[in-house]
Amino acid sequence: MLCLGIESTAHTFSVGIVNDEGKILSLISDAFKPQTGGLKPVDVVEHHYTVFDTVLKQAISKANIEFSDLDLIAFSQGPGLGPCLRVGAAISRSLSLQLNIPIVGVNHCIAHVEIGRLLCNVYDPVTVYVSGGNTIISAFDSGMYQIFGETLDLAIGNMIDMVARDYGIPHPGGPKIEEIAKYGTNYINLPYIVKGMDLSFSGLYTAIWKKSKEETSKKNQADLFYSLQETSYSMLAEVSERAIAHTEKNSVLVTGGVAANKRLQEMISNISDEHKIEFHVVPLKYAGDNGAMIAWTGILQYKTSKKTEISETKILPKWRMDEVPIPWRNSLKD
Ligand code: ATP
Ligand code: FE2
């Protein structure tokens, strides 16, 4: 079985083709990069409609197949930016109707978890999913991916990108902040807010925003970014550690675009060592938004759930991962 997956929740329009053994035949992505400021949905939509044809054709050609070889279309149904989700949904419906093959709408957060489980060959991890739009610590329990901790306001990646913007660093700012933070040596006190198992990054952002209005030397900036990373990743590590202790899982998986961060990896890896559990990070090519994760999750879902009608493919911008039954965890060999 060959599935073509379309990802369009935010900045990236991506197409992946995957077979039912989990082999990724191709992955082609095109990310919108704003010249200034953050992501304006109207510009992102324009981007997605401009690139979709080329991205689709390249994915088919790289996989060395024809459109007629496809058996299934999967798309990101949510959560995400409504206007962006609508582009992927419309293209997916057209393909499904034109090729006369089934369609499945996939939860984007679950896809980040499933691609990690597949590529890291890990069965039942606590998952630390950190990206521009989400910050979720989850684990499988009672037939669903239960959320053990999440952000109450800003997502970690979004908060870092906003800090970067205040310092004139173009979007996405995460990699550059990580690079500059390496030169920091002095810890500057910043708000560390963990409420129960949940996280809050807005106070941290505001504290740094105030500092961005002051004259800052290069050294001060490095210290500030170093402190930003130490504070926010320690908050994540604290909640992750408690989820590990509570669930007694024997592995942890870091996924999402912020999984690329070496300091975050180091902190979660240290916790794993202390708890004597396995530590995994999704290969970076598949850590951020990508169509391969949608295609793979589409296959799992299609094989274990009832058929989806086109009328059931309405986008779900606020769809939570803990609302989705996961039948494949019980009925398929993982
Ligand atoms: P989602 O829809 O799942 O929320 P997303 O649209 O944010 O995903 P991703 O590609 O998963 O897309 O993540 C992008 C985020 O990852 C951006 O906020 C970016 O700054 C951040 N990021 C990328 N590399 C690093 C890094 N090395 N350190 C910190 N953050 C990073
Ligand atoms: Fe994502």
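Biologist: How do the residues of the lining of the second largest pocket divide into nonpolar, polar and charged?

Modeller: The lining holds 7 nonpolar, 5 polar and 4 charged residues. Those labels follow from residue type: Ala, Val, Leu, Ile, Met, Phe, Trp, Tyr, Cys and Pro are nonpolar, Asp, Glu, Lys and Arg are charged, and the others, including Gly, are polar. This is a predicted model, in which local features need pLDDT of at least 70, side-chain atom pairs count only at pLDDT 80 or more, and totals for chains, interfaces and linings use all residues, while side-chain values rest on heavy atoms without hydrogens or water. Residues are numbered from 1 along each chain as its sequence is written, and chains are lettered from A and ligands numbered from 1 in the order in which they are written.

Biologist: What makes a set of grid points a pocket or a cavity?

Modeller: The grid has a 1 Å spacing and covers the protein atoms alone; a cavity is a set of points where a 1.4 Å probe fits but cannot get out, whereas a pocket is an open set with protein on both sides within 12 Å along at least five of seven lines. A residue belongs to the lining if it has an atom within 4 Å of a point. The second largest pocket has a volume of about 340 Å³, where a volume is the space filled by probe spheres set on points joined across faces, edges and corners. Of its 16 lining residues, Gly-105, Gln-301, Ser-305, Lys-306 and Thr-308 are the closest to its centre. Strand 5 (103–107) and helix 9 (291–304) are the elements that give two or more residues to this lining; helices (H or I, at least four residues) and strands (E, at least two) are DSSP runs numbered from the N terminus.

Biologist: Why does Thr-308 count as buried?

Modeller: Buried means under 20% relative accessible area, exposed over 50%, and partly exposed in between (1.4 Å probe, protein chains only). Thr-308 has 18% relative accessibility and therefore counts as buried. Thr-308 is in the loop between helix 9 and helix 10 (328–331). Leaving out residues up to four places away in sequence, Thr-308 touches Ile-103, Val-104 and Thr-313, a contact being heavy atoms within 4.5 Å.

Biologist: Are Asp-289 and Gly-5 buried or exposed?

Modeller: Asp-289, at 17% relative accessibility, is buried, and Gly-5, at 0%, is buried too. Asp-289 sits in the loop between strand 12 (278–281) and helix 9, and touches Glu-7, Thr-9, His-11, Thr-12, His-108 and His-112, not counting residues up to four places away in sequence. Gly-5 belongs to strand 1 (residues 2–7).

Biologist: What makes a set of residues a nonpolar core?

Modeller: Its members are buried Ala, Val, Leu, Ile, Met, Phe, Trp, Tyr and Cys residues joined through side-chain atoms within 4.5 Å. The largest such core has 79 residues, of which Ile-156, Met-159, Val-163, Phe-225 and Leu-236 touch the most other members. Helix 7 (residues 218–247) gives the most to this core, with 11 residues.

Biologist: How do you know where this core lies relative to the domains?

Modeller: Domain 1 (2–112 + 288–331) and domain 2 (124–285) both give residues to the core, so it lies between them. The domain bounds come from an automatic or database assignment. The domain centres, taken over C-alpha atoms, are 26 Å apart, and the contact takes 19 residues from each of the two domains.
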